[in-house]
Structures are given as C-alpha cells and as structure tokens.
Amino acid sequence: MNRPVRVRFAPSPTGPLHIGGVRTALYNYLFARHNGGKMILRIEDTDSQRFVPGAEDYIIESLKWCGIEIDEGVGVGGPHAPYRQSERREIYLKYALQLVDAGWAYYAFDTPEELDAIRKEYEAEGKTFAYNFEVRGKLATSLALSADEVRTRIDRGDQWVIRFKMPENETVEMHDLIRGDVAVNTSTLDDKVLYKSADALPTYHLANIVDDRLMEVSHVIRGEEWLPSLPLHYLLYRAFGWTDVQPEFAHLPLLLKPTGGGKLSKRDGDKMGFPVFPLYWVSPTTGETAHGYREDGYFPEAFINMLALLGWNPGTEQEIFSMQELIDAFSLDRVSKSGARFQPDKAKWFNAQYMHRKSDAELAALYQPVLREHGIDVSDEIAGRVAGIMKERATFIGDFWDLTSFFFVAPTEYDEKQTKKYWKGQNPAILAELREVLAGIDDFSLENTERIVHAWIEEKGYGMGQVMNTLRLALVGAGKGPGMYDVTSFIGREECLRRIDALIANVKPLE
RNA sequence: GGCCCAUUCGUCUAUCGGCUAGGACGCAAGAUUUUCAUUCUUGAAAGAGGAGUUCGAUUCUCCUAUGGGCUACCA
C-alpha cells in the first residue's frame, strides 16, 4: 500500500523517558525523514494512576536535545489535535460503544476485587485464570446478563468496563516489517479491557488503534514488548472495518542491561555508573534523581550515533554518522531481531570521536563556562587554542579543566612520581641552566623556542627526556599534558621563568 | 505454567548456500612520542546442541536448550 508516511512516537508520561524510548523515537524519526514523511508526537496518558507531572516536558525537551524534530503533535499542534489522549476522551467511548453494538465487545461488571479473588481461586487449583470465551458467559457481563439487568446496572452507576470479545480458535496471521510473518491462535488470548467507566478513559489498545487511524498513521514502529498484543490490534482494525487502511508494523528489539538479565530499566542507571536517561531527572514524588547524558557531558550527536547503531547497522563499515547520514542510510530491514545489550564503554568512545572532530571554536563555547567557574577570564580565541591542543586527549568537556588547568594556573603541588623520577641528580642544575637559556630567547614562539632549546640540549649532550620531563615538572607539575612547547609558547617567557624559579625554590631535590 | 520473539567473538554486529567467518568497543602486545593521551600495527576472541534438506550449511526446516518479552480496569 502506497500512502504518505506518517509515524508516531507515543510515550506515556509515567516518568523520564529512558534511552530505549529515545531509540524508538529516533528510529521513527529516521524512518519518517528517510521517506519524506511526518513524525507525530502523541502523549498516551490514559493511565490516570501513573501520571507523573513534568514527564511530558521532559520527553519534549529530551527529543529536542537529541535533534529529533516533531512535525505534528503535543507542543507543536497539527490537523489532528489534540494529541494528548486525556484530551480526546469523548472520542474513545463512541468507538468502544460501536464495537459493543457490532458484537465485537461487551460490558463487564466485575470489580477488580472480584477478579483478584477469582485469580486466587484458580491459582489455588494450579490453574491460570484468563478472561476469555470460556468464562465470559458465566461472569457478570452483558453476554450473560439480560439487557434489562445491564441497563439497570449502568443506570444506577455500577462501574463497568468494555471488553473485546476475542474470537475462539481462529488463527490471526500478521506481518511484521522486522520479523516477517507471525501467526497466533486467538484461543490463547484473553478479552482485553478496552474502556473503563471508572475514569472514563480507554486502555492503550483502544486508544492506540483509534488514534492511529484518526491520525492516519502509516507505520507503527514500537518496542518488541508490544508484539504479543499485535493480534488484538489486528482484530481491532478488522472489527472497526479499517483493515484497508491498517498501518504496517515493525517491532524493535529491546535494549538489554549491560550485564545480567532483563531489559534495561530505570534502575540500572546510576548504580552501574552510566546514565539511562537523556537528561537529568528529579522525581517530583520521591525526590530521587537520575543522571542524564546531557549533564554528564555527552554530545547529543554522539549519543544519537551510539543509539542508532544499537539494533541497526548500515551494512557498511561506517560507524560515525551525522543525523543526516543516518536519515539517508536508515531502513527498517537492517534493524536486527534480537535484543541489544547496552554498552557504556562504547558510548564513551563515540563521545571521544565527536570530541576529536569538534572545531576549536565550538569547543571554546563549551569550555568558557568551565573556565569562568574556575575564575579564568580569557578570550574565546584563547579558550579555543587550548581546546584545540587538548581535545585529542579528552572524552568529555568535563575532562578539560583537569587536562588544561596548568595553562592558566601555575602548579601548586608536584606529582610525586614525576618528582621522584626527575627532581634529582643533575636535573635541578640542568633546569637552572635551561632557565638562563629560556631567559635569553626573545622570540618565544613554539618553533623558535623548540629550535633553540633542542640545539642547546644537543650541544650539551643532555638526554632529551631528562630535560623535557624536568621542565614539565616545573611547568605542569605532573607527567602529563601536551608537548612542552605548546605550554611554553602559551604561558610565555616570564611565566615559564617564574614556574621554574618556584620549583627550584620550593622543592628540595632528592639527594 | 501458557503464548510469542530471539540465538555469530565478553559486547554491538557483517554474512542474504561456497568462509582462510569481516568490522567496531573492550582487552593484550608492539611502534611513534619529552610525559600522559591520541594515532598506527599486530594478537587473542564466535556460528548453543542435535537431527534433516543439499554436492556443500553460520546461512533453509524441525526438535531441544538457553535468553528475552507478554500474560493488569499499565503502557
């Protein structure tokens, strides 16, 4: 069927969106853009019990940070507004009733307590209770009760639900874009609740089908946890007479825990030392906090790149992809079928790759706030110069200060290992000599200083490593950092001399 | 328990019947280097098991095992 591609990301605002959800959104987005279609954001807040304030804003902000653009939906509007299911409640009752009239659904008056009791009874006998063709004629349903009785109960305000009347012993043949053909016998399925009078809201199944139809969704791309309810959804389309406009389905493999069993959950995050959420989150109810990729210093492009490759691959050996490249390369038939374990290490690697590719100017903008935090006030040009020198050795912007503080601040203490190794023997004397050599250089540029110092080292027959590492101890205070002339040319002659003097004056050489 | 989905190096994955099974992360070694990194090179590392189809199975089919999901008036 060829029709305009329209996909939706339909999260439930029950908490922060975790990275599995972000990936689902991403694949929807890539698919939409690749096919010139539209991306819809629908909020599925049909569970009044689990609603969490702030979750919706979190979702919208997360998508924005990731660069996943919404064409239609909550926050942007569109021709099928409203896109928040709680604001569409009157729509669903009509469709639920239509199903009852057509004989595809029925009223059920059992209370949750009654159902619990029945389940317990079954369990006690070692059986599993299923609300299906075997029991619906014996329970308090409109199939068992007289029409008058049903009317009476509804009129007097008894609570009721509408359940789907799952056909008996029929094979539903389905097609999934990722998994191929799937068939299920309806006798193994139960009569799912479609609508509940208690809060006048539909359940996921009804709301989903009705909205996808009304919003003209062409492809449903969602997590694998929905595969078991696909038969019900097929049947719902049939019951409504919408099979000719039924969307195609693609069920994505799940994101699994890095170690151990199970799907990646909200709990895995902080404990295991990596974020499972795109943004920092504070629970409005419990006050619990969770790390986010954004606040932990990941670039959104790196985060997206990493996520895109978790369950999809281009079939080539390219692994660094811009969003546009992902859009161009993406296709559902290269999505893998099995669950993918999330790898924190790879996320870091991706971030480092993006760090190396960032321009000095971009990094300067990110680095400036950090510098200011440490009381350093320099031009963007200077910040960019330092970033350019150090970006190869950093994974996060947060690494920068540790990596570069010596450019701006003289060492106040000296690394023990470096001191032990180099602040002894002839080295202090050589450093004093080097001080005079440096003092005599007028053009302190990187090239000139290097030329003069190297010539001097050669003339004297000193060991390159001895001299340079001793100088490093004086200027950096530790055995780390970029080439020494990057440092000398940056801090300038006078500062070099001051730092050398400070080391000589303050640290007693070993033997 | 029932139903459904899956199963290639530790991990993410390539392979659409011909494989000396490729790449990446991580790991190890080496090279480069004034240090730390980066970078480069090299290395160890995989087809869950059993049947069948076939001249030939990692690739197709079935069984078993294992992993996962679902089994709510949650999504």
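**Helix α6.** I looked up burial along helix α6 in this predicted model and found His205, Leu206, Ala207, Asn208, Ile209, Val210, Asp211 and Asp212 buried. I then asked which elements the buried residues of α6 pack against. They are α3 (89–101), β8, β9 (201–202), β10 (219–223) and α7 (230–240). After the helix comes Glu216, and I note its positive phi, near 55 degrees.

**Nonpolar cores.** I turned next to the largest nonpolar core, which has 60 residues. Leu26, Phe303 and Leu307 touch the most other members. Helix α1 (residues 19–34) supplies the largest share of this core, with 9 residues. For Leu307 I listed the contacts, leaving out residues up to four places away in sequence: Ile19, Val22, Arg23 and Leu26. Another core, of 31 residues, lies apart from the largest one; I noted Phe406, Leu431, Val487 and Ile500 among its members.

**Surface near RNA strand B.** I found 61 residues around RNA strand B, of which Ser12, Gly261, Ser338, Gly479 and Gly483 come nearest. Which element gives the most to this surface? Helix α18 does, with 5 residues. The elements giving two or more residues include α4 (112–124), β7 (180–185), α11 (344–357) and α19 (484–506). Strand β8, noted above for its packing with α6, is also one of these elements.

Key:
Residues numbered from 1 in each chain as written. Chains lettered and ligands numbered in written order. Predicted model: local features only at pLDDT ≥ 70, side-chain atom pairs only at ≥ 80, totals over all residues. Core = buried A, V, L, I, M, F, W, Y, C linked by C-beta atoms within 7 Å. Buried ≥ 20, exposed ≤ 12 C-beta atoms within 10 Å, placed from the backbone. Helix = DSSP H or I, 4+ residues; strand = E, 2+ residues; numbered from the N terminus. Contact = placed C-beta atoms within 7 Å. Near = placed C-beta within 6 Å.
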